[in-house]
Structure formats: C-alpha cells, structure tokens
Amino acid sequence: VAAFVGRGGLVPAVALGLPGDDEVLVRPDQLQPDPAGTLLATVETVQFRGPGSVVQARLAAGAQVEIDLARGLARPGDTLRLRFTEPAPPRFPPAAA
C-alpha cells in the first residue's frame, strides 16, 4: 500500500480548515506557499533533495506535514503561509484513540 500511496501523511481535516472529523491524505506537493493562504505552518527541518527541499513543518493546529519547496524558500523556525491545493482529497475514518 505504501508504494501505491507514495509520500504523504494523514492529517485531521480540521487542521486543514476542512469540515469533518475524518483524516485527509496530504501529499508534499499539495501544500503550496501562498501569501493569501489560510494555513500557517512552522518549519521544523529542511532537507535538500535535488533542485528543491523537503520541509517538515507543523501546522498551527498541531499536525506535522511534509512539503516540497524550491530550494532556499524556508529555514527552520520560519512561518509559512500555505494553501492546500487538492479539491477532493482522499478521506479516512479517524484513527482509534
């Protein structure tokens, strides 16, 4: 299944400003920097990968996400304003507590 899904993680829908108590599959290329974006994220780590960077960030709601960015757009401690670009993301029931 992991090879089919690729890189991505499950994030509570509410952390993305979406309705529902389910979880949403978020891939790194679906979070894009946008000055008008409604999601705030704090950069935790930056790893260079090819011509870009893989950023681990924490959304204001607490969920950790991975973001693909152009090299040099983020440093640890930076706050990013993002938008979620997937109009119909796959949704899953919340994990059992």
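What follows is what I looked up, entry by entry.

**Ground rules**

I am working from a predicted model, where local features need pLDDT of at least 70, side-chain atom pairs count only at pLDDT 80 or more, and totals for chains, interfaces and linings use all residues. Residues are numbered from 1 along each chain as its sequence is written, and side-chain values use heavy atoms, with hydrogens and water left out.

**Sheets**

I started with the strands, counting two as paired if DSSP finds at least two bridges between them. I found an open sheet of five strands, ordered β3-β7-β4-β5-β6, with antiparallel pairing. Its edges are β3 (31–33) and β6, each with a single partner strand, so one side of each has no neighbour in the sheet. From one strand to the next the twist averages 50°, with axes fitted as lines to C-alpha atoms (for helices over the stretch in contact) and angles running from 0 to 180 degrees between N-to-C directions.

Inside that sheet I checked β4 against β7: they run antiparallel and four bridges join them. Leu 39 sits opposite Leu 82 in β7.

There is also an open sheet of three strands, in the order β1-β2-β8, again with antiparallel pairing. Here β1 and β8 are the edge strands with a single partner each, so one side of each is left without a neighbour in the sheet. Four bridges hold the antiparallel pair β1 and β2, and Leu 10 stands opposite Leu 25 in β2.

**Core**

Which residues touch the most other members of the largest nonpolar core? I got Val 11, Leu 16, Leu 31, Leu 59 and Ile 67, out of 21 residues. A nonpolar core here is a set of buried Ala, Val, Leu, Ile, Met, Phe, Trp, Tyr and Cys residues joined through side-chain atoms within 4.5 Å. Buried means under 20% relative accessible area, exposed means over 50%, and partly exposed is in between (1.4 Å probe, protein chains only). The elements giving two or more residues to this core are β2, β4, β5, β6 and β7 (79–84).

Not counting residues up to four places away in sequence, Leu 31 touches several, including Leu 16, Val 26, Leu 39, Ile 67, Leu 82 and Phe 84.

**Salt bridges**

I took a salt bridge as a side-chain nitrogen of Lys or Arg within 4 Å of a carboxyl oxygen of Asp or Glu. By that rule I have five of them.

Glu 66 pairs with Arg 7, with the closest N and O atoms 2.7 Å apart. Glu 66 is in strand β6 (residues 64–70) and Arg 7 is in the loop between α1 (2–5) and β1, so the pair ties together parts that are 59 residues apart in sequence. Both ends are partly exposed, Glu 66 at 25% relative accessibility and Arg 7 at 35%.

Glu 44 pairs with Arg 58 at 2.9 Å between the closest N and O atoms. This one links strand β4 (residues 39–49) to strand β5 (residues 52–59), with the partners 14 residues apart. Salt bridges that share partners also join Arg 7, Glu 66 and Asp 68 into one network.

**Asp 22**

Is Asp 22 buried or exposed? I have it as buried, with a relative accessible area of 16%. Asp 22 lies in the loop between β1 (9–12) and β2 (23–26). Its side chain meets that of Arg 91 in a salt bridge (2.9 Å, N to O). Arg 91 is in strand β8 (residues 91–92), so this pair ties together parts that are 69 residues apart in sequence. Arg 91 itself is partly exposed, at 34% relative accessible area. Beyond four places in sequence, the contacts of Asp 22 include Val 11, Pro 12, Phe 92 and Pro 94.

**Gly 8**

Last, I looked at Gly 8, in the loop between α1 and β1. Gly 8 is partly exposed at 44% relative accessibility. Gly 8 and Leu 25 are 17 residues apart in sequence, and their C-alpha atoms are 6.5 Å apart in space. Leaving aside neighbours within four places, Gly 8 is in contact with Leu 25, Val 26, Arg 27 and Pro 28.

Terms used:
Contact means heavy atoms within 4.5 Å.
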